[in-house]
Amino acid sequence: MTGGPAGDAVIRLSSAAYTYRGPPPVAALKPTSMVIYRGEHVAITGPSGSGKSTLLNLLGLLDKPTQGTIEIDGIDVGAASERERAAVRAHRIGFVFQSFHLLAYRTSVENVMLAQVYADEPRRRRRAAAMAALAEVGLDHRAHALPTALSGGERQRVAIARALVNRPAMLMCDEPTGNLDTATTLELTELLESLHRGGTTLVIITHNPTVAARAQRQIAIRDGALTEISPVTLPAPAGPPETPPAPGVPTTPPPPAGAPEPPSGTGAPGPVQPLPERQPPTPPEGPPPADRGPRGLDALGFPDE
Ligand code: ADP
Ligand code: MG
């Protein structure tokens, strides 16, 4: 395992790219090399259609790179079978999507229990674990409510409880506050951050610059190409500005602090994307780019109902 300045590398993309087959083919993520370190809190930002969800779906093993490799804990999971990747997802990765993806005719606790389909636990134990997860997100008192009786923020809390019930090491969040108002966005962000403080590696796609600014590291993406715009947090004096890559493994080095790395074409300067001040409750750019939740849920192994 490669020790990094912020801990061990937990996910490593090496020249990983993703092209949707089409037709026509869409090269949504160009060859990308990057590392997520254990215990990090990383924000992924970029305009609509830039490839954020595609990247997150690779990091979360919902998709395999069509080129290059992805390793988790040094194991090449891109080459693994769907079944093996599903097992890794179920035990190690929690997902939170913009539109919650709760089953409408299931209560909060039942929705959370759905994430435990892989757990070899008796139903009673699963219920207890689901109740504990709901308590952790402050929603145990709504355990028997249907999603239609919950506010947006409460629904997302249920989804977060579902994401964390299997005690995943990583949480992958695709615009988790995209449908929420300002106050709820802050509450949910604080909840995710408390999970991060508890040791969870947190990767969060967001359009909200305030949410992004709270991450330890921001990664910007534009036209499928990645620009790592803030360096890995270094505990020691800055020293050499670059993260030493593992021998033979190309790693996107963090640029020296403040160094602009203009993405192709549009030349966004400086460390922060020119994002809208505030993410309104409704997506600003027409229909949201599919966060592909339903497909994601299939891949997560949730039963069709
Ligand atoms: P973002 O999450 O940043 O909005 P996506 O990763 O969803 O962007 O999409 C990146 C690009 O890939 C976009 O051009 C989008 O239209 C395209 N894309 C996304 N999903 C599919 C798909 N299932 N088939 C073909 N193209 C897709
Ligand atoms: Mg998206």
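A nonpolar core is a set of buried Ala, Val, Leu, Ile, Met, Phe, Trp, Tyr and Cys residues joined through C-beta atoms within 7 Å. I kept that in hand while going through this predicted model.

**Overall.** I counted eight helices and 11 strands in the protein. Of its 305 residues, 43% are buried. I then took contacts with a separation of 6 or more, and found that 72% of them join residues 24 or more positions apart.

**Core.** I looked up the largest nonpolar core, which has 66 residues. The members that touch the most others are Ile-44, Val-112, Ala-133, Ala-161, Leu-171, Met-172 and Val-203.

**Ligand 1.** I found 12 residues around ligand 1, the closest being Tyr-20, Ala-28, Lys-52, Ser-53 and Thr-54. Two or more shell residues come from each of β3 (26–37) and α1 (52–59). The largest share, three residues, belongs to α1. By class I noted four nonpolar, seven polar and one charged residues in the shell.

**Backbone.** I checked the loop between β2 (7–20) and β3, where Pro-23 sits; Pro-24 is in that loop too. A cis peptide bond joins Gly-22 and Pro-23, with omega about 10°. Another cis bond joins Pro-23 and Pro-24, with omega about -10°.

His-101, in the loop between β7 (93–97) and α3 (108–113), has phi near 55°. Arg-167, in the loop between α5 (152–164) and β8 (170–174), also has phi near 55°. Is His-101 buried or exposed? His-101 has 20 other C-beta atoms within 10 Å, so it is buried. Arg-167 has 12, so it is exposed.

Methods
Residues are numbered from 1 along each chain as its sequence is written. Chains are lettered from A and ligands numbered from 1 in the order in which they are written. This is a predicted model: local features need pLDDT of at least 70, side-chain atom pairs count only at pLDDT 80 or more; totals for chains, interfaces and linings use all residues. A residue is near a molecule or strand if its C-beta atom, placed from the backbone, lies within 6 Å of it. Helices (H or I, at least four residues) and strands (E, at least two) are DSSP runs, numbered from the N terminus. Ala, Val, Leu, Ile, Met, Phe, Trp, Tyr, Cys and Pro count as nonpolar, Asp, Glu, Lys and Arg as charged, and the others, Gly among them, as polar. Two residues are in contact if their C-beta atoms, placed from the backbone, lie within 7 Å.
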